[in-house]
Amino acid sequence: MDKGEMLLLYHEMVLVRRLEEKAAELYQQGKVGGFLHLYIGQEAVGSGVVSSRRPEDRVITAYRDHGIAISCGMSAEIVMAELLGKKTGCSKGKGGSMHLADVNLNFWGGHAIVGAHLPLAVGMALADKYQGSEAATICLFGDGATNIGYFHESLNLSMVWSLPVLWVCENNQYGMGTSVERASAVSEIRRKADGYGMQNDRVDGMDILQVRAATEKALEYVRKEGPYLLEVVTYRFRGHSMGDPERYRESDEVQKWKDDDPIGIFRNYLLENGHHNLETLDAEDQKVEDEIQQAVQFAETSPDPAPEALFQDIYVEGVE
Amino acid sequence: MTVMTMRQAISQALWEEMERDERVFIIGEEVGLWGGTYAVTKGFYDHFGPERVRDTPIAEGVIIGAANGAAMAGLRPVAELMTINFAFLAMDQIVNHSAKLRSMFGGQFTIPLVIRTVGGGGRQLGATHSQTPDVVFAHFPGLKVVAPGTPYDAKGLLKSAIRTDDPVMFIEHATLYQTRGEVPDGEYLEPIGVSKVQRQGDDVTLVTYSKMLQVSLQAADQLAQDGVEVEIVDLRSLRPLDIEPVVASFRRTNRCVIVEEGWPSYGIGAEVATRLYEEAFDYADAPIRRVAQKEVPLPYNRELEQLALPQVDDVISAVKEVL
Ligand SMILES: Cc1ncc(C[n+]2csc(CCOP(=O)(O)OP(=O)(O)O)c2C)c(N)n1
Ligand SMILES: [Mg+2]
């Protein structure tokens with residue numbers, strides 16, 4: 001990775017962080033509704049994984065999707081507009097936080113039924129292989145999702161049909177309030193891939209460079225051989241969604257992880273290795289501030305969907 | 001009588017039944033340590049312990065499947081599905097097993113199972129998390145489907161559901177947990193499969209249940225100011241469906257509006273209207289009307305979502321149309 005790309009990735013991670021902090025504020029003000037699941041703490045996973053893809057590679061994830069959307073190239077404005085339910089949002093205000101997608105960016109959503117997008121990834125990889133494309137499908141999901149039948153059915157079939165899927169488990173160690181140890185027979189999620197004879201790896205998700213390197217290796221394997229499971233060990237600094245009482249974990253534990261902030265780690269790396277100086281990084285932080293401000297302004301001044309929109313996009317031909 | 005919220009009433013019913021019968025236990029996602037996603041089982045984990053308040057992985061199929069098995073083997077599980085939308089991941093267990101195991105094996109055993117779950121829209125949760133598919137479950141013989149609209153009924157009906165030897169889907173409404181109402185201080189049970197007149201009137205019969213009971217009560221208050229007296233029959237249970245009080249009311253008012261939160265096609269309104277035409281056709285002075293959700297997946301945007309959901313004003317207009 002060259003200096004320029006590193007700076008872009010730094011910018012992206014800071015953008016995701018600030019965007020979500022802003023979203024939380026807007027949620028408190030009642031401007032964002034529904035569920036809001038923050039990615040804060042996990043930024044190195046999305047940025048590390050998605051930046052390793054080629055444009056033709058598809059990305060699909062669960063409802064904790066703001067970071068992945070940004071990494072796929074969605075602008076902060078469009079994300080913010082969707083969070084505010086505006087017509088200019090990527091899903092025209094119909095999806096909200098959990099349902100971001102932009103197929104032109106090869107980003108296939110944001111899915112809110114736990115585990116349900118894994119079979120979709122199987123189908124996408126099947127379609128690519130069927131049509132002779134070289135594309136891979138990158139499917140991200142949580143540790144909690146690996147206990148549902150969908151996960152096992154999908155891993156198995158992707159292996160049986162030797163499909164180009166990179167399975168990325170973002171192991172943030174909890175599914176809502178249930179720790180991996182309380183929910184999963186094996187706490188190293190990668191072991192589940194062994195049962196299907198699938199190649200796998202486990203990597204530190206707080207260090208974007210390690211995530212990057214592991215993903216590049218995995219994708220190379222996927223293109224040549226078939227499915228691969230990459231477990232990325234990470235942590236969400238905030239509650240599961242807004243209003244989580246967080247009775248299931250100690251604040252010491254949260255603090256310990258916060259000390260390993262993925263943005264801080266990358267920032268230090270850039271400074272210590274002389275890739276970028278403080279001035280450059282601070283300037284980047286400031287650019288992000290401006291971008292966020294502009295995103296909020298764009299979203300707030302965007303129109304709501306018209307009432308007729310209620311009946312649109314349900315069938316290919318409209319209904320009344 | 002004590003005034004309490006729906007949440008408290010449901011919680012009390014569960015607590016009392018667990019104290020009363022060792023065989024009753026809770027199984028589901030986030031029911032224990034978290035205290036229930038809607039805080040219904042708050043304090044249960046500490047009091048009853050992890051053996052009786054069992055946190056599960058995210059795995060709806062095995063939650064209901066294991067509950068079915070435990071019920072067959074003599075326990076009385078109360079399985080919680082975090083929302084009714086996730087019941088679709090357990091549909092095979094509910095439909096092909098809970099509802100059929102007893103009859104298919106000639107009545108050799110019982111399935112004393114309660115599936116507590118939460119439905120309803122109006123919270124901007126988007127299309128997959130906002131559904132009111134109660135009627136889907138009511139389609140299947142072998143299941144009982146209960147959906148209370150007041151704290152009084154919630155407590156009495158849940159206690160009955162836990163004591164019933166048949167599988168019961170007990171559907172709570174996500175926006176009713178804070179609704180307050182009077183609940184008797186002593187023990188009481190409300191029978192499953194008995195409709196209840198929640199408001200008396202001579203002009204129009206409103207048939208409804210769950211959240212839409214509250215909406216209908218508000219509409220009735222406003223209509224009363226214009227001198228229109230509405231009678232509200234609360235079904236409380238969709239299967240078995242107690243149609244008699246509806247028919248009796250309709251024979252007096254000769255007019256009927258059915259109010260449901262779900263989609264109208266093949267819905268509660270369709271069923272109730274047909275029953276009325278079958279049993280009291282000659283009494284109709286106006287076509288029966290339905291108030292229901294617009295036939296669209298619910299959108300996230302607040303205004304659009306509200307536009308799609310049945311509102312007090314929709315009930316009022318429908319009543320005026322049949323007058
Ligand atoms: C089938 C299904 N069951 C339950 C839920 C409720 N739910 C939403 S997120 C979640 C936890 C998922 O945990 P994990 O997969 O680890 O992802 P994380 O939230 O940690 O990113 C649960 C139980 C759901 N959305 N879908
Ligand atoms: Mg998790």
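Predicted model: local features only at pLDDT ≥ 70, side-chain atom pairs only at ≥ 80, totals over all residues.
**View 1. Chain A as a whole.** Chain A holds 12 helices and 8 strands. Its radius of gyration is 19 Å, close to the 20 Å that the globule rule gives for 320 residues, so chain A is as compact as a globular protein of that length. Along the principal axes, the C-alpha atoms of chain A fill a box of roughly 60 × 50 × 40 Å. Of the 320 residues in chain A, 52% are buried. Among contacts in chain A with a separation of 6 or more, 74% join residues 24 or more positions apart.

**View 2. The contact between chain A and chain B.** Chain B brings 26 residues to the contact, and chain A brings 34 residues. On the side of chain B that touches chain A, helix 11 (residues 302–308) gives the most, with 5 residues. That side of chain B is made up of 13 nonpolar, 7 polar and 6 charged residues.

**View 3. The five-stranded sheet of chain B.** Here 5 strands of chain B form an open sheet in the order 9-11-10-13-14. The pairing is mixed. Strand 9 (196–199) and strand 14 (289–291) of chain B stand at the edges. Each has a single partner strand, so one side of each is left without a neighbour in the sheet. From one strand to the next, the twist averages 25°.

Inside this sheet, strand 10 (residues 204–208) and strand 13 (residues 256–259) of chain B pair in the parallel sense. The pairing runs over 3 bridges. B:Leu206 stands opposite B:Val257 of strand 13.

**View 4. Two helices lying across the five-stranded sheet.** Helix 8 (residues 211–225) of chain B lies across strand 9, strand 10, strand 11 (230–234) and strand 13. Helix 8 runs at about 170° to strand 11 of chain B. Helix 10 (residues 268–280) of chain B lies across strand 10, strand 13 and strand 14. Helix 10 runs at about 155° to strand 13 of chain B.

**View 5. The seven-stranded sheet of chain B.** In this sheet, 7 strands of chain B follow the order 3-2-4-5-7-6-12. The sheet is open, and its pairing is mixed. Strand 3 and strand 12 (237–239) of chain B are the edge strands, each pairing on one side only. Neighbouring strands are turned by 20° against each other on average, direction ignored.

B:Val146 has B:Ser237 of strand 12 as its bridge partner.

View 6. B:Arg239 and B:Pro240 are joined by a cis peptide bond. Omega is about -5°. B:Pro240 sits in the loop between strand 12 and helix 9 (244–253) of chain B.

**View 7. Helix 3 against helix 4 in chain B.** The axes of helix 3 (residues 60–72) and helix 4 (residues 91–98) of chain B come within 8 Å. They cross at roughly 25°. That makes helix 3 of chain B roughly parallel to helix 4 of chain B, because angles under 35 degrees count as such. From helix 3 of chain B come B:Gly61, B:Ile64, B:Gly65 and B:Asn68. They meet B:Gln93, B:Ile94, B:His97 and B:Ser98 in helix 4 of chain B. By class, this helix contact has 2 nonpolar, 6 polar and no charged residues.

**View 8. Two loop residues with positive phi.** B:Ala39 has phi near 60°, a positive value in a residue other than glycine. B:Ala39 lies in the loop between strand 2 (24–28) and helix 2 of chain B. It counts as partly exposed, with 13 C-beta neighbours inside 10 Å.

B:Gln124 also has phi near 60°, and it too is not a glycine. Its place is the loop between strand 5 (114–119) and helix 6 (134–138) of chain B. B:Gln124 is buried, with 22 other C-beta atoms within 10 Å.

**View 9. The loop around B:Glu51.** B:Glu51 is found in the loop between helix 2 (44–48) and strand 3 (53–55) of chain B. With 7 other C-beta atoms within 10 Å, B:Glu51 is exposed. B:Asp285 is 234 residues away along the chain, and its C-alpha atom is separated from that of B:Glu51 by 58 Å.

How values were computed: Residues numbered from 1 in each chain as written. Chains lettered and ligands numbered in written order. Pairing = 2+ DSSP bridges. Helix = DSSP H or I, 4+ residues; strand = E, 2+ residues; numbered from the N terminus. Axes fitted to C-alpha atoms, helices over the stretch in contact; angles between N-to-C directions. Contact = placed C-beta atoms within 7 Å. Parallel < 35°, antiparallel > 145°, perpendicular 65-115°, else oblique. Nonpolar A, V, L, I, M, F, W, Y, C, P; charged D, E, K, R; others polar. Rg over C-alpha atoms; globule rule 2.2 N^0.38 Å. Buried ≥ 20, exposed ≤ 12 C-beta atoms within 10 Å, placed from the backbone.
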